[in-house]
Amino acid sequence: MWWTRYWSAPGGRIAAAVVRIALAIAELLVLDRIRDLAPVSHPGEVAAGVYHPVGILQVFRAPPPAIVIELAWCAALGGALAMLVGLWTRAATALTALGALIVASQAMSYQPSWSHDLNVVLLALVAFLGARGGDALALDVWIRRRPPPAGASYQWSLRLVQLAVGLMFLSACVLKLRSGGVAWALSDNLRHQLLARYDLTGGTDRPAIVDWLLARSWRYEGAALLNLISQAMPLFAIVFVDRPRLRALAALCFVTEVAALYCVMELGNPSWFPLAAVFIDWDRLWHGPSATRPSLPVRVPRAAAVFVTVFVVLDVAISFTPGLDQALRSFPFSRFPMFSTIRAKRPYGVHQTCELIAGRIEVITGGPPDDPPDDPLDSPIGLPISPSISPEIQAEIDRDYVYRALHRELDPGVLRARVIVVRDELRRRYPALAIRGVRVYITMYQAPAYPAPARLAAHDLGVLGELVDDTWTSHYVALPRSGRISIAADRALAGAPLALYRDGLPAAGPPPVPDAAGTLALPPGRDTLHLVAALSGADGVVRPYLVARRTRDYW
């Protein structure tokens, strides 16, 4: 049977050792990243509101004590070092996987969704469980002082790790094609993705290569097409495992894609680079192409066969089923949807404007200026910068995905809890700013049609909520299925001017008229709607405050 032959292929002793070393290096880089991400346990009501355990932590109803996280981090670090030198390799792999999963899951359990720079290394580590990675290039060989048993099985581990790594990029490719087909590449989509990456998240200076790509449509369309090709290449490595040159080409595409994410998108994932080792036929390089290699298949242990089957079914199902990973909170098993949504309008062959609805937070301070700009309105995207915050700090805040994702929260109570956590976190990060609170906006960003200069113009639709001096203010209510909300339930809305935005376009239309009981119904349909009211805030400034919304697609 092809399934049995695939996993029971002979050889792979050197490759298993090299992959073990590569995984250890990748895991050490991940642990360094996790050290900056893992939050402390938030006490009281706040923890209950924002702690949603993922992955292995779903067995706990409450956040684990800090000592558990510290012990898990130490176990993961010690296990990774033992893997690196090949000491008690199988036990070290299991210890590293368990510790890293606990610590990484803790970091992701306080976020609305998880970061994808961690999950692929963790998946590869889980796939390597049970592997005979200590039979070469390891202290275990010197300690045992005897050769590995004849007919030892290596390839099932190598091919499972290859599948775990390859499915990450393959999933990204499939999701992009599902979103818009080849039009994902052959349209203005990448232009708008790049604008959102830089102008939307802090307005930082774009790299020269990004400005070069944005200058001509054929450049960014060609780059997007190469992106799809490079992300599809691991499929050939997974299928044609006996074609070392093709697998080496897949490794080259993998490294190129990871490097391009850093150079073009400034998404540096150094822990991914060592994973390219799984695509190389190291035994062929070690022994030479003319060396005699075993040809008979080896027996895969029954426990390993069950493990492989469960892993493959779970990974494939989650990689290609929309929403399943978030529903199951199956971290690190995940889809890879970054940049998969097509940011262009039909017909895709015509250059058109693009509107993006996103969130931003305004930090309210009471401290001295920290290198303020000469003009408080001097922002690359036209949004006001607090005079007490330097452009560099503002850019750091705008780039933080957790902060940008606050506008996605549909539950008003959970939103308040998350804003409290954000305020406290910002106070820890920037103690000199004397932060009094934060204000969460829903903002529309519009890109002009090519060949107009590539830039984003911003327009705030409304304030979702604000926490200033421990006072929470929000007029937002979750929209029931009936589409009807009661204006009379919020006294501040009595007589307040209302406005309705459709699809995030900057021009407001006439709002629905409340009936005698103060109840109004949003217009039927599936388009995105934002109902706002002009109200005076705690500082006496009149701003638009979000009252209700119907979402279809948020950035």
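**View 1. Trp218 and its aromatic partner Trp212 in the predicted model.** At a relative accessibility of 57%, Trp218 counts as exposed, whereas Trp212, at 43%, counts as partly exposed; here buried means under 20% relative accessible area, exposed over 50%, and partly exposed in between, with a 1.4 Å probe and protein chains only. The ring centres of Trp212 and Trp218 are 6.3 Å apart and their planes stand at 80 degrees, so the pair is edge-to-face. Rings of Phe, Tyr and Trp (its six-membered ring) are taken as a pair if their centres lie within 6.5 Å, with planes under 30 degrees apart counted as stacked, over 60 as edge-to-face and the rest as tilted. Across the whole structure, the search finds 12 aromatic pairs. Because this is a predicted model, local features need pLDDT of at least 70 and side-chain atom pairs count only at pLDDT 80 or more, while totals for chains, interfaces and linings use all residues. Residues are numbered from 1 along each chain as its sequence is written, and side-chain values use heavy atoms, with hydrogens and water left out.

**View 2. The edge-to-face pair of Tyr220 and Tyr450.** The centres of these two rings are 6.2 Å apart and the planes are at 85 degrees, so Tyr220 and Tyr450 form an edge-to-face pair. Tyr220 belongs to helix α11 (residues 217-239) and Tyr450 to the loop between β2 (435-447) and β3 (457-468), so the contact ties together parts that are 230 residues apart in sequence. Helices (H or I, at least four residues) and strands (E, at least two) are DSSP runs, numbered from the N terminus. Tyr220 is buried, with a relative accessible area of 0%, and Tyr450 is buried as well, at 17%.

**View 3. An aromatic cluster, and two arginines placed over tyrosine rings.** Phe169, Phe254, Trp272, Phe279 and Phe336 are linked into a cluster by ring pairs. Elsewhere, the charged end of Arg197 sits over the ring of Tyr198, 5.7 Å from its centre, and Arg360 lies over the face of Tyr441 at 4.3 Å from the ring centre. A charge sits over a ring if NZ of Lys or CZ of Arg is within 6 Å of the ring centre and within 35 degrees of the ring normal.

**View 4. The hairpin of strands β8 and β9.** Strand β8 (residues 529-536) pairs with β9 in the antiparallel sense over eight bridges, where two strands count as paired if DSSP finds at least two bridges between them. The bridge partner of His530 is Arg549, in β9. Five residues lie between the strands of this hairpin, in which Gly540 takes a positive phi near 85 degrees. Seven of the nine residues of β9 (residues 542-550) are buried, so this strand is largely enclosed by the rest of the structure.

**View 5. Salt bridges of Arg159 with Asp242 and of Lys345 with Glu355.** Side chains of opposite charge can pair when their charged atoms come close. The structure holds 17 salt bridges, each a side-chain nitrogen of Lys or Arg within 4 Å of a carboxyl oxygen of Asp or Glu. Arg159 and Asp242 meet at 3.9 Å, N to O; Arg159 lies in helix α8 (residues 155-180) and Asp242 in the loop between α11 and α12 (244-265), so the pair ties together parts that are 83 residues apart in sequence. Arg159 is buried at 7% relative accessible area, whereas Asp242 counts as exposed at 57%. The side chains of Lys345 and Glu355 meet at 2.9 Å, N to O, and with Lys345 in the loop between α15 (324-328) and β1 (354-365) and Glu355 in strand β1, the pair ties together parts that are 10 residues apart in sequence. Lys345 is partly exposed, with a relative accessible area of 32%, and Glu355 counts as buried at 17%.

**View 6. A salt-bridge network of Arg132, Asp135 and Arg144.** Salt bridges that share partners join these three residues into one network. Asp135 is buried, with a relative accessible area of 3%, whereas Arg144 counts as partly exposed at 26%.
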